[in-house]
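Please open the model in your viewer and keep the selection tool at hand. The stops below take you from single side chains out to whole sheets, with a note on what to select at each one.

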Amino acid sequence: MTALCTMKYLCQAARNESRYAKRFFGTLLPQTAQKWLFSPFWIVVPDPRKSAVFGLTQPYCTDEKSHAQPKSKAAFGSVGRRIPYRILHVINQDGESLGNMHRAEALRLMDQHGLKLVLLHENVEPPVYRLMTGQQIHEEQLKRAEKKKASPKQGVVQKELSFSSAIAKNDLETKTKQIAQWIEKRHHVKVTIRQAKGSSTDMFMLFDQILETVSEKATYLSKPKVAREGVSTCVFRHMSDKELKEHQKMEIKKNNTGKKDENEDLKSNELHQ
């Protein structure tokens, strides 16, 4: 009987201690159950031969560590005097390296020569800056815009064709038909022409000839340009609905003007007769 009473009191004490522990620790723990999961911080041992044991464990977070959002790539241009880095690697306006220097020295050179500082490479140690004129910056911005425009958008298929400037007429017609089929599927088509040895054919005229053949549906995405010595390239794309309507209006206007001129010529001939 004494043993049973003792066990009863021990179990009751354990339950009371459990309840008090819940209240006590519940006021200390943050109420963020959706983010935090805790392993049991108390363990009750109702064995009469052992005392109640409490063990507090460290909370852990199930969320992954928050990662800083990657910096969006800044537009190419002058950074002014806002330079967060102490040591820079500086390139002059002619593309020659001036080595590493303190930002104060770089700013002094910028002011002395009336130039602008442009960030070229940020993810290197030290970051690379270049001294440039306003005209150089403008030209580089145009190049980058053209390159971005020429690069295929996500989900757009870009096909490629390459041939020599000495291509035969029949082969050029076949290539043009292939381009027309791709354009019909709204693909971008990159055409590269290599200047053949001894050939005097104007590569840009070949591009215009191709465009004239497929002009009902296509236009330039990237206008013809010299990629390197002896090689020129351009990119064709399908016209937008708005461009198609404008093109059709211009064609109708052109046809009406042609018919009007023909009628005037006929009338003039009748009068002379």
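Predicted model: local features only at pLDDT ≥ 70, side-chain atom pairs only at ≥ 80, totals over all residues.

Start by selecting Phe-204, which is partly exposed with a relative accessible area of 33%; here buried means under 20% relative accessible area, exposed over 50% and partly exposed in between, with a 1.4 Å probe and protein chains only. Residues are numbered from 1 along each chain as its sequence is written, and side-chain values use heavy atoms, with hydrogens and water left out.

Both phenylalanines, Phe-204 and Phe-207, sit in helix H5 (residues 203-213), 3 residues apart, which is about one turn of the helix. Helices (H or I, at least four residues) and strands (E, at least two) are DSSP runs numbered from the N terminus.

Now look at the rings themselves. Rings of Phe, Tyr and Trp (its six-membered ring) pair if their centres lie within 6.5 Å, and planes under 30 degrees apart count as stacked, over 60 as edge-to-face and the rest as tilted. By this rule there are 2 aromatic pairs. The ring centres of Phe-204 and Phe-207 are 6.3 Å apart and their planes stand at 55°, so this pair is tilted.

For the stacked pair, select Tyr-220 and Phe-236, whose rings are 5.2 Å apart centre to centre with 25° between the planes. Tyr-220 belongs to strand E9 (residues 218-228) and Phe-236 to strand E10 (residues 231-238), so that distant parts of the chain are linked across 16 residues. Are these two residues buried or exposed? Both Tyr-220 and Phe-236 are buried.

Keep Phe-236 selected and show its surroundings. Beyond its neighbours within four places in sequence, Phe-236 is in contact (heavy atoms within 4.5 Å) with several residues, including Ile-183, Val-191, Phe-207 and Tyr-220.

Next comes the nonpolar core, a set of buried Ala, Val, Leu, Ile, Met, Phe, Trp, Tyr and Cys residues joined through side-chain atoms within 4.5 Å. The largest one has 19 residues, and those with the most contacts inside it are Ile-179, Val-189, Val-191, Ile-193 and Phe-236. Two or more residues each come from strand E7 (158-164), helix H4 (169-184), strand E8 (188-194), H5, E9 and E10, with H5 giving the largest share, 5 residues. A second, separate core of 13 residues includes Ile-83, Leu-88, Ala-106 and Leu-107.

Strands pair if DSSP finds at least two bridges between them, and 4 strands form an open sheet with mixed pairing in the order E7-E8-E10-E9. E7 and E9 stand at the edges, each with a single partner strand, so one side of each is left without a neighbour in the sheet. E9 and E10 run antiparallel and are joined by 7 bridges; Ala-218, for instance, has His-238 in E10 as its bridge partner.

Finally, select H4, which lies across E7, E8, E9 and E10 and runs at about 170° to E7; axes are lines fitted to C-alpha atoms, for helices over the stretch in contact, and angles run from 0 to 180 degrees between N-to-C directions. H5 packs on the sheet too, touching E7, E8, E9 and E10, and its direction makes about 165° with that of E9.
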